[in-house]
Amino acid sequence: MIDTNMINSKQKLTSVNELERLAIDYPNNVMFGKTDALDSELEQNTIVNAARLSKSANLIEYHGVGIVDHSRVGHSVVGTDKDDREFGEILTILFERKPRNEYTKNEVKDASHVHTAIRYSANYFITKDKILLGKPQQIKDRFNNVLICSSDECIKLVLARLEVLRENGRIRQ
């Protein structure tokens, strides 16, 4: 899954271009998706983000837990007690512990992206956000599945995984 800052409408992010190509070439092995929070962030300024919204429309959308004043109706799901606990843990790992009403809107959106990636067992959450990139091991240690990484790091990991699949005869070149 990708962060809002990775929507590559001008094709300037070469590693994202490569990931997009791999998703087309290996649709059963590489999927490129977004969380529901992505479009809600882009919709805050549709004039500036029109090209990015258009590009994001082609991505698979994974619906995160609905959060009042953050989520779009019809693009989120009702959360469980487990979701609430995990979301709180993610907020604490990323931004330190404080009362929930003291987190900024951006902090809640970032935690929502990460929580949705975890909820749907994404392998990677790709971002340029330095705060998120500073905490990948803590998130992976706690939730066992998602690795927060840059697009450059992700492309290396995906290419290595594809090579293992090729060696095991699970995909052909």
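Visitor: Is glutamate 96 buried or exposed?
Guide: Glutamate 96 is exposed, at 52% relative accessible area. Bear in mind that this is a predicted model.

Visitor: Where does glutamate 96 sit?
Guide: Its place is in the loop between α4 and α5.

Visitor: What about the phi of glutamate 96?
Guide: Phi is near 75° there, a positive value in a residue other than glycine. Most residues other than glycine have a negative phi.

Visitor: Which loop holds serine 121?
Guide: Serine 121 is in the loop between α5 and β5, and β5 spans 124-126. Serine 121 has a positive phi of about 55°, although it is not a glycine.

Visitor: How does serine 121 count for accessibility?
Guide: Partly exposed, at 49% relative accessibility. The cut-off for exposed is over 50%.

Visitor: Switching to helices. Which residues of α7 are buried?
Guide: Pro136, Ile139 and Phe143 are buried in α7, which covers residues 136-143. They span an arc of only 70° around the axis, so they lie on the same side of α7.

Visitor: What do those buried residues pack against?
Guide: Four elements: α4 (81-95), α5 (105-119), α6 (130-133) and β6 (147-149).

Visitor: And what comes just after α7?
Guide: Asparagine 144 does, with a positive phi of about 60°.

Visitor: Where is lysine 140, and how accessible is it?
Guide: Lysine 140 is in helix α7. Lysine 140 counts as partly exposed, at 30% relative accessibility.

Visitor: Which residues does lysine 140 touch?
Guide: Asn145, Val146 and Leu147, not counting residues up to four places away in sequence.

Visitor: How far apart are lysine 140 and tyrosine 124?
Guide: They are 10.0 Å apart in space, C-alpha to C-alpha, and 16 residues apart in sequence.

Visitor: On to threonine 116. Which helix is it in?
Guide: Threonine 116 is in α5. Threonine 116 is buried, with a relative accessible area of 0%.

Visitor: What does threonine 116 touch?
Guide: Met1, Thr35, Asp36, Tyr62, His63 and Gly64, not counting residues up to four places away in sequence. Take glycine 64: threonine 116 and glycine 64 are 52 residues apart in sequence, yet 4.9 Å apart C-alpha to C-alpha.

Visitor: What about aspartate 39, buried or exposed?
Guide: Aspartate 39 is buried, with a relative accessible area of 8%. Its place is in helix α2, residues 36-42.

Visitor: Which contacts does aspartate 39 make?
Guide: Lys34, Leu53, Ser56, Glu61 and Arg72, leaving aside its neighbours within four places in sequence.

Visitor: Zooming out. How many helices and strands are there?
Guide: Eight helices and six strands. From the N terminus on, the order is α-β-α-α-β-β-β-α-α-β-α-α-β-α. The radius of gyration is 16 Å, close to the 16 Å that the globule rule gives for 173 residues, so the chain is as compact as a globular protein of that length.

Visitor: What box do the C-alpha atoms fill?
Guide: Roughly 50 × 40 × 30 Å, along the principal axes.

Visitor: How much of the chain counts as buried?
Guide: Of the 173 residues, 47% do. The chain exposes about 9600 Å², and carbon and sulfur atoms supply 50% of that area.

Visitor: What share of contacts comes from residues 24 or more positions apart?
Guide: They account for 63% of the contacts with a separation of 6 or more.

Visitor: Last one: how are the charges placed?
Guide: There are 25 positive and 25 negative charges, and their mean positions are 3 Å apart.

Key. Residues numbered from 1 in each chain as written. Predicted model: local features only at pLDDT ≥ 70, side-chain atom pairs only at ≥ 80, totals over all residues. Heavy atoms only, no water. Buried < 20%, exposed > 50% of the residue type's maximum accessible area, 1.4 Å probe, protein only. Helix = DSSP H or I, 4+ residues; strand = E, 2+ residues; numbered from the N terminus. Arc of directions from axis to C-beta. Contact = heavy atoms within 4.5 Å. Rg over C-alpha atoms; globule rule 2.2 N^0.38 Å. Areas by Shrake-Rupley, 256 points an atom, 1.4 Å probe, with all protein chains shown as cover. Lys, Arg positive; Asp, Glu negative; His and termini not counted. Charge placed at Lys NZ, Arg CZ, Asp CG, Glu CD.
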